[in-house]
Amino acid sequence: MNPFSSGTRLSDMIRAIRASKTAAEERAVVRKECAAIRASINENDQDYRHRDLAKLMFIHMLGYPTHFGQMECLKLIASPGFPEKRIGYLGLMLLLDERQEVLMLVTNSLKQDMNHTNQYIVGLALCALGNICSAEMARDLAPEVERLLQFRDPNIRKKAALCAIRIIRKVPDLSENFINPGAALLKEKHHGVLITGVHLCTEICSVSSEALEYFRKKCTEGLVRTLRDIANSPYSPEYDVAGITDPFLHIRLLKLLRVLGQGDAEASDCMNDILAQVASKTESNKNAGNAILYECVQTIMSIEENGGLRVLAINILGKFLSNRDNNIRYVALNMLMRALTVDSQAVQRHRATILECVKDSDASIQKRALELIYLLVNENNVKPLAKDLIEYLEVSDEDFKGDLTAKICSIVEKFAPEKIWYIDQMLKVLSEAGTYVKEDVWHALIVVITNAPDLHGYAVRALYRALHTSSEQETLVRVAIWCIGEYADLLVNNAGMLEVEDPITVTESDAVDIVEIAIKHHTSDVTTKAMALIALLKISSRFPSCSERVKSIIGQNKGSFVLELQQRSLEFSSVIQKHQNIRSSLVERMPVLDEATFSGRRAGSLPASVPTSGKSSLGIPNGVAKAAAAPLVDLLDLSSDDTPAPTSSSNNFLQDLLGVDLTQPSAQPGTMQPSQAGADILLDLLSIGTPAPVQNGSTNGDLLSMQDNNTPLASLDTISSTSPTAPSSMMDLLDGFGPTPPKIEDKGPAYPSIVAFESSSLKIEFNLAKQPETPQTTDIEAKFTNLTPNVYTDFLFQAAVPKFLQLHLDPASSNSLPANGSIKQTMRVTNSQQGKKPIVMRMRVGYKINGKDVLEEGQINNFPRGL
Amino acid sequence: MIHFVLLVSRQGKVRLTKWYSPYAQKERSKVIRELSGVILNRGPKLCNFVEWRGYKVVYKRYASLYFCMCIDQEDNELEVLEIIHHYVEILDRYFGSVCELDLIFNFHKAYYILDELLIAGELQESSKKTVARIISAQDQLVEAAKEEASSISNIIAQATK
């Protein structure tokens, strides 16, 4: 006998573990025990096997690895005695789950035990099967379970019924076999069998509509009778819970009736009376009774229309809602949400109570109530509801503010009756919880403000006031300085004063002051500071008297460590210093932002799932970038007079994106631009010896977020997370461009060939084809044409693709290109993100002309969409 | 359906776990850590339901132990509270006013009882008496086997003396 394993009993081990004062001590005890158990396992010690397994289970519960005990379970299960089997099955369920392959070895033992003469052993096997059965085991053992559904002892029948549920969940096809035995169980008297049988039938109905029809016809009346009997049964001590006979059975029956009554008037009619009885007679002072009422209300709401019953159900929910027990209120809110689709009028009546629940101290209730309120808002009640919610925003928990803010913003945007009200509410939210306001929301606010010319003055004055009281709310600061930059003149001369407004006196230097505060405030981030710089530039033009001061403030950022700010500061200084004549036209007011375009983009960019930074490349910050871009254009090309102000908004966005590349002096306006912008993204993606993405001269949020990520890998992550929007912004660009190259518009299944690359000496064309059975894969036949009268030798084409693509290159037909001749090469690209991301490729071509090396590089991003 | 059952002490020690849906070992310990963090920190007057990863966790505190069950969104939370209570009552009857120590030293018994109450994450038996009867019948089988074994070893011991 092993001297180690015989040492400690289970309780001694538990005591030793409990006596450990530190985690290290506990680990030491466990290590010692595990070593002993392993030794005992190796010795194949039979006497202590079950004790070892019990210890292992305890160790497992503490979170230590116990995989080495898995085989012991199987050995114990295979041994003949009941005690060994009992602990063996327990270990099996505890230490293993259905995905482990060891489990396959147990199928045979299970089958044998399910045919055992001892009914308790049959019970153990069924229990294990029900808890960890996999799809394969389900197929193998379904016939045994089916047989055991008719076993003489009810305790086995009920276990078999639950096993059948598990089997159906794993393999829905097997449900057919259980329809008849399931129906037979509904006639049982034993409660355990009845409960499990009813549940089995519910489960079968959910996977097979034929079975549903069968049960509806054959069993509805019987079930109604059973429910009536149980509801009217006299006191029975065995099943009594708080004065109700077997609430569990009640609930199971109501659930099955719900399934049967849904969408069938006849069946619904059949159960009306008993539902009315349960709904009106059940005691509601104990949890058990409320559980039944709750289930009953759900059933009433789901089955076919019966006015009287619905009223009863809504009344029960009303009572629930005013209950002092939080649990009951919680389920009431839950249920009202579902009742909303059935009878929204009735739910509206409880609006005030629900609003109170939003302010509850319990997070679960708050969350439910807020969701419900959100669904209840309409044009008529939005004003009082929004007012209440915004007031509550001031006192709510920090954890809850994010949710609440998002919902308020959404409500206000959706149902605002007039713009001024919308602006007012948004201002309140921004001042109260600006940090929680998502980017697209404040972008939308700016879009609305620019679209309301008569409110420009009002908005800028209100923002100015708000900025004085809550200057720590970043988003408020951004919106405010944007507006001050645009409408500084309206701020100072009180133009467009509305009747509701209190007049304020703001001097020109006050306006500069507040922007200066923003730029110097320690919490302001780069975007805010960059926006403030633009605002200052604009102010300097609107108020020539402040020009000197603005110049000095801008100048202070010349030494900023952030490249973005430094660059802006330098450029703006030179605009102020040297180009007074063009300044005013440079910083003209932004053209009205197109609401339709913005909302379209927003809808397309999945506000919920896309990280917020993803949208900034589309939204208003571009307006800022544009303002920066415009002077630059002029700086580069001073001979031309004022650039004509862009007229259409899509053109704006084009220019915005141009801003990305304007640091390259060679940038030519024209078709190259969009591909350049795309190329930058691609360059970053591949990070082939390009400078860090920070170098791009743009204020985009994406780029800002990249600043933290200096490693190429990290920047790749950032890009891929924002990529759903990146391609679309490129496409938009092209749309705005008027005569779009036809190859991009073409989305037909037969893909036209594209010109992938063209220089003065070389032209590359791609012929695209797809095999129907592999939609992700595109076959590309590249044709390289020599455009010169020289022979190219040692011709080599290389290509690189981002990670989501796979590229396979076949050898070229020849490695020399005759004068004005061509060669071919095939390749295969597999796009794992087909439909989501377009194919992009970076390529390099090397060849020799008269022994001289030539290298050409380029990006190919004019592949048709959807490849 | 009940996806898992957790018994956690007020100090965050796990006393019983039962998984009816497949969760990998790593996932299990993550779930336990996450949930015990949420549940142990909730105030006493709050409701017994926590929304978590698209599921609901119904919990109830009995003395120093939290009984938690994770269910689907559309399940009846009040019924699950009742199931928890049902389980506790059976434990109470079996151990005779059960306490945490009973469940530590006889954790396997707690599992056996749970297995007579739930299978595949569904309720199996609504009668406390029936559960108690089945458990005691099985305990007797074990006792009988033990006695037999000890009598055999006695015989062997005497024979080899």
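Start with the hairpin: select S4(A) and S5(A), which have 6 residues between them. (Strands are DSSP runs of E, at least two residues, numbered from the N terminus; two strands pair if DSSP finds at least two bridges between them.) Click Lys770(A); its bridge partner in S5(A) is Thr778(A).

This is a predicted model: local features need pLDDT of at least 70, side-chain atom pairs count only at pLDDT 80 or more, and totals for chains, interfaces and linings use all residues. Residues are numbered from 1 along each chain as its sequence is written, chains are lettered from A and ligands numbered from 1 in the order written, and side-chain values use heavy atoms, without hydrogens and water.

Stay on S5(A), residues 777-786. Here 7 of 10 residues are buried (under 20% relative accessible area, 1.4 Å probe, protein chains only).

Next, show the rings. Phe784(A), Tyr792(A), Phe795(A), Phe797(A) and Tyr847(A) make up one aromatic cluster. Rings of Phe, Tyr and Trp (its six-membered ring) pair if their centres lie within 6.5 Å; planes under 30 degrees apart are stacked, over 60 edge-to-face, the rest tilted.

Move to chain B. Select Tyr59(B) and Tyr66(B): their ring centres are 6.2 Å apart and their planes at 45 degrees, so the pair is tilted. Tyr59(B) is buried at 5% relative accessibility. Tyr66(B) is buried too, at 6%.

How values were computed:
Buried < 20%, exposed > 50% of the residue type's maximum accessible area, 1.4 Å probe, protein only. Helix = DSSP H or I, 4+ residues; strand = E, 2+ residues; numbered from the N terminus.
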